[in-house]
Amino acid sequence: MRLDLPKTGRFALRTATLPAAVTPGSALPAREGLSSADLIVADGRIEAILPAGAAPADIESVDLQRRMVWPCFADMHTHIDKGHIWDRQPNPTGDFDGALAAVRADREANWTARDVETRMDFSLRCAYAHGTSLLRTHLDSLAPQHRISFEVFADMRERWKDRIALQAAALFPIDAIDDDAYFSDLVEVVVANGGLLGGVTFPLPDLDRRLDILFRTAADNGLDIDLHVDETQDANVLTLLAIAQAKLRNGFEGAVTVGHCCSLARQDDDKAKATIDKVREAGLSVVSLPMCNMYLQDRHPGRTPRSRGVTLLHELRAAGVPVAVSSDNTRDPFYAYGDLDMVEVFREAVRIAHLDHPLDDAAKVVTSLPADILQVPEAGRIAEGLGADLVIFNARSWSEFLSRPQADRIVMRNGMGIDRRLPDYSELDPLTKG
């Protein structure tokens, strides 16, 4: 797409097509969830959102000819610490158990600070070029990796603070919480680096006791919680309900996010509804990772998968539960593909989870909703007074937007176009060759 953005401090983007769901406060009429507008940008911020054709004639401008303009993306569940290890540590079976084993072997053999830093930086350059401005990563945090990776993350957060706002949650199996020395050290690291408590939950005879420890520790240290939950097709696994009950039982006032929640889709309607009602009552937020879960789940050699591997997004949303979608893993044993491109995530989520017909509110699942869940309410939306962090697409309608990968998009940060060149995979060759 050839489009020369104005170089002045104040200019107009004329005849833009905006997703109305992510333009709060705008009174512009919408059709199929899309509004036609002129945007006035001044000093890197949105000065005004006007009806199309209403921008002053005396300021420099560019006619977008109805091209879609979105806010930058919020990717709220990633794993940039393990990204891009596929070439040196593939997962031949393509399933969850194979991924666990492969990542464990690679982490123990290769995850020095330099290795993690190189792959994190590569991942963030990809996300930035694609238009992401807010990202939360989970960090594998079994000892001694927690101290290595959180230190690297803290440095990366500082280096990237003007490009991508970064958050991190500690990832560890919930049964490791019984190792007092390890868990105390982990909490110290998380607090020192401004992170979140995370973890992987799974059925245990005394799961409630461990969840109580997690919630009490988070409360005592002023930490929010972000958990991996029920990433399985086994209908008998439903720790999601236990988490909701634990939050209520402990009177926990912090934010709690739960990711995956796949087995919820395997429950009968009554059981699923009872869980969803409890999730709403507890005030949990849910993030679905459709690409990774479809890749890993219901995989059997020589057999076509029967299940989509996603949670009950429509039912959760209808109940009033905040629901977002995100990218998850990137070129590692849990997902062999991906590029931290939220357009790809959105396009695939629409197809996999039927987020269309209508598409009026769909844009929120990769923009304003995850931004709100991550408690960065100024991100993921287009509004007067906010930063002009925008993505311009060569598409005028939903059908055009969803039918192509939008590789020629323009990303604007603080009212200026950025260099969208992606890092070359050859940069990672030294990590693979050892």
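1. Why does Cys262 count as buried? The structure is a predicted model, and in it Cys262 counts as buried because its relative accessibility is 1%, where the cut-off for that class is under 20%. Cys292 falls in the buried class too, since its relative accessibility is 0%.

2. As for cysteine pairing, a search of the whole structure turns up 0 disulfides. Cys262 takes part in none, and the cysteine sulfur nearest to its own, that of Cys261, lies 7.5 Å away. For Cys292, the closest cysteine sulfur is that of Cys262, at 8.9 Å, which is too far for a bond, because a disulfide requires the two sulfur atoms to be within 2.5 Å.

3. Turning to the nonpolar packing, the largest nonpolar core comprises 104 residues, and Trp70 and Phe346 are the ones with the most contacts inside it. Helix H10, spanning residues 342-353, contributes the largest share of this core, namely 8 residues. Apart from this core there is another, made up of 21 residues, which include Leu3, Phe11, Ile382 and Ile392.

4. The surroundings of Phe346 deserve a separate look. Once its neighbours within four places in sequence are set aside, Phe346 is in contact with Trp70, with Ala362, Ala363, Val365 and Val366, and also with Trp398, Phe401 and Leu402.

5. Sorted by class, the residues lining the largest cavity are 5 nonpolar, 2 polar and 2 charged.

6. On open space, the largest pocket contains about 800 Å³. It is lined by 34 residues, of which Phe96, Leu100, Val200, Glu231 and Phe334 are the closest to its centre. By class, the lining of the largest pocket divides into 14 nonpolar, 10 polar and 10 charged residues.

7. Which element gives the most to the lining of the largest pocket? Helix H1 does, supplying 6 residues. At least two lining residues come from each of helix H1 (96-110), strand E10 (200-201) and strand E11 (225-229).

Terms used: Residues numbered from 1 in each chain as written. Predicted model: local features only at pLDDT ≥ 70, side-chain atom pairs only at ≥ 80, totals over all residues. Heavy atoms only, no water. Buried < 20%, exposed > 50% of the residue type's maximum accessible area, 1.4 Å probe, protein only. Core = buried A, V, L, I, M, F, W, Y, C linked by side-chain atoms within 4.5 Å. Helix = DSSP H or I, 4+ residues; strand = E, 2+ residues; numbered from the N terminus. Contact = heavy atoms within 4.5 Å. Nonpolar A, V, L, I, M, F, W, Y, C, P; charged D, E, K, R; others polar. 1 Å grid on protein atoms, 1.4 Å probe; cavity = no way out; pocket = protein on both sides within 12 Å on 5 of 7 lines; lining within 4 Å. Points joined across faces, edges and corners; volume = space filled by probe spheres on them.
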